[in-house]
Each structure stands twice: as structure tokens, then as C-alpha cells.
Amino acid sequence: MKRFKPLVLAPIAAFALALTGCVTPPPPPSDVAHIKLEQVDSSVVRVERLWLAREEGRLFAVGDVSKNLGADDTTRTHLDVVLLDANGVTLRETSVQFEPRQIPRAHRMHGHSRFHVLLDPLPPNVVRIEVRAHEGAH
Ligand SMILES: [Zn+2]
């Protein structure tokens with residue numbers, strides 16, 4: 001009877017992995033696959049993952065953030081989503097929040113917060129998108 005146990009545990013392990021967010025981001029839609037994505041951490045918040053996804057025809061930047069070791073309060077951190085052209089010129093900059101605002105501790109199962117940013121209408125000459133964790137005001 002013991003040999004049946006791995007069969008039972010395998011889906012549970014896969015579910016636990018999905019919960020921690022430690023899975024490879026999906027590949028980008030082909031028409032935006034040339035866009036470079038850059039994650040910039042702050043002293044409080046780490047941008048763990050960033051990917052592009054089209055949902056119901058609309059393009060989003062999606063990702064996960066975690067709390068840096070020793071950091072306490074993440075409610076004063078936001079994300080600046082910056083769209084740049086080939087010359088490094090900023091085409092658009094948007095400040096967004098991640099949810100939950102207070103990122104859970106990493107040793108818990110849900111050690112991440114999620115962000116979800118609408119990019120449409122995307123300027124046609126975007127070659128790089130940066131998501132920068134930023135504390136305080138502008
Ligand atoms: Zn900012």
C-alpha cells in the first residue's frame with residue numbers, strides 16, 4: 001500500500017509550487033517578444049518576476065514582488081512602470097500598486113504580492129519596459 005503514496009503527493013507538491021509562484025513565467029505574445037523587460041529592486045521591495053500577457057485582447061505587464069530581508073513596511077513602496085524607446089527616451093511612466101500592499105513574509109507560503117498593469121495603448125517604438133520598485137513620492 002505504501003507505494004501509492006507518491007501518486008497522491010505529486011499533485012499536492014505541484015499545487016504548493018504554484019502557490020509560491022516559483023514557476024517559469026509564460027512566454028510573451030509573439031508581437032511583443034522583442035521588448036526587453038527589466039526589473040529594478042529597491043531597498044525594501046524586490047521585483048521577482050515580470051512578464052507580458054495578453055488577456056482578452058489587452059496587453060498587461062504582470063509580475064510578483066517580494067519583501068527584502070530586514071525590510072518591514074512595504075506600504076510606502078510603489079512600482080514605476082517605464083516604457084523606453086531604442087534611445088533610452090521615456091515614452092510613458094506609470095506608478096502602480098501591488099496587492100497586497102503589505103507583502104507577506106517570505107517564509108510563509110504566499111511570500112509575494114502581485115501587480116497587473118495595462119500597457120495599451122502601447123507606443124509602437126517601445127523596446128524596453130522597466131518595473132522599478134520605488135519608495136516615497138515623486
Ligand atoms: Zn516612483
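These are my notebook entries on a predicted model of one protein chain.

**Ground rules.** I number residues from 1 along each chain as its sequence is written. Because the model is predicted, local features need pLDDT of at least 70, side-chain atom pairs count only at pLDDT 80 or more, and totals for chains, interfaces and linings use all residues.

**Entry: overall make-up.** I looked up the secondary structure and found 1 helix and 7 strands. Helices (H or I, at least four residues) and strands (E, at least two) are DSSP runs, numbered from the N terminus. Along the sequence the pattern reads α-β-β-β-β-β-β-β. I then checked burial: of 138 residues, 20% count as buried. Buried means 20 or more other C-beta atoms within 10 Å of the residue's own; exposed means 12 or fewer; partly exposed is in between; C-beta atoms are placed from the backbone. Next came contacts, meaning C-beta atoms, placed from the backbone, that lie within 7 Å. Among contacts between residues at least 6 apart in sequence, 65% join residues at least 24 apart.

**Entry: the four-stranded sheet.** I traced an open sheet of 4 strands in the order E1-E7-E4-E5, with mixed pairing. Two strands pair if DSSP finds at least two bridges between them. Strand E1 (36–40) and strand E5 (90–96) each have a single partner strand, so one side of each lacks a neighbour in the sheet. Neighbouring strands here are turned by 20 degrees against each other on average, direction ignored. For such angles, axes are lines fitted to C-alpha atoms, for helices over the stretch in contact, and angles run from 0 to 180 degrees between N-to-C directions. I followed E4 (residues 77–84) to E5: the two run antiparallel and 6 bridges join them. Leu 79 has Val 96 in E5 as its bridge partner.

**Entry: the three-stranded sheet.** I found a second open sheet, of 3 strands in the order E2-E3-E6, with antiparallel pairing. E2 and strand E6 (113–118) are its edge strands, each pairing on one side only. E2 and E3 are joined by 10 bridges. Trp 51 has Val 62 in E3 as its bridge partner. The hairpin of E2 and E3 has 2 residues between the strands, and Glu 56 takes a positive phi near 50 degrees there. E3 and E6 pair over 6 bridges, again antiparallel. Gly 63 stands opposite Phe 115 in E6.

**Entry: the core.** Which residues have the most contacts inside the largest nonpolar core? They are Ala 61, Val 65, Leu 79, Val 131 and Ala 133, in a core of 18 residues. A nonpolar core is a set of buried Ala, Val, Leu, Ile, Met, Phe, Trp, Tyr and Cys residues joined through C-beta atoms within 7 Å. Strands E2 (45–55), E3 (58–67), E4 and E7 (128–135) each supply at least two residues of this core. I listed the contacts of Val 65 beyond four places in sequence; among them are Val 45, Phe 98, Ser 113, Phe 115 and Ala 133.

**Entry: two single residues.** Is Ser 113, with its 23 C-beta neighbours inside 10 Å, buried or exposed? That count makes Ser 113 buried. Ser 113 sits in strand E6. Beyond four places in sequence, Ser 113 contacts Val 65, Phe 98, Glu 99, Pro 100 and Ile 103. Ala 33 lies in the loop between helix H1 (5–20) and E1. Ala 33 counts as exposed because it has 9 C-beta neighbours inside 10 Å.

Technical notes
Two residues are in contact if their C-beta atoms, placed from the backbone, lie within 7 Å.
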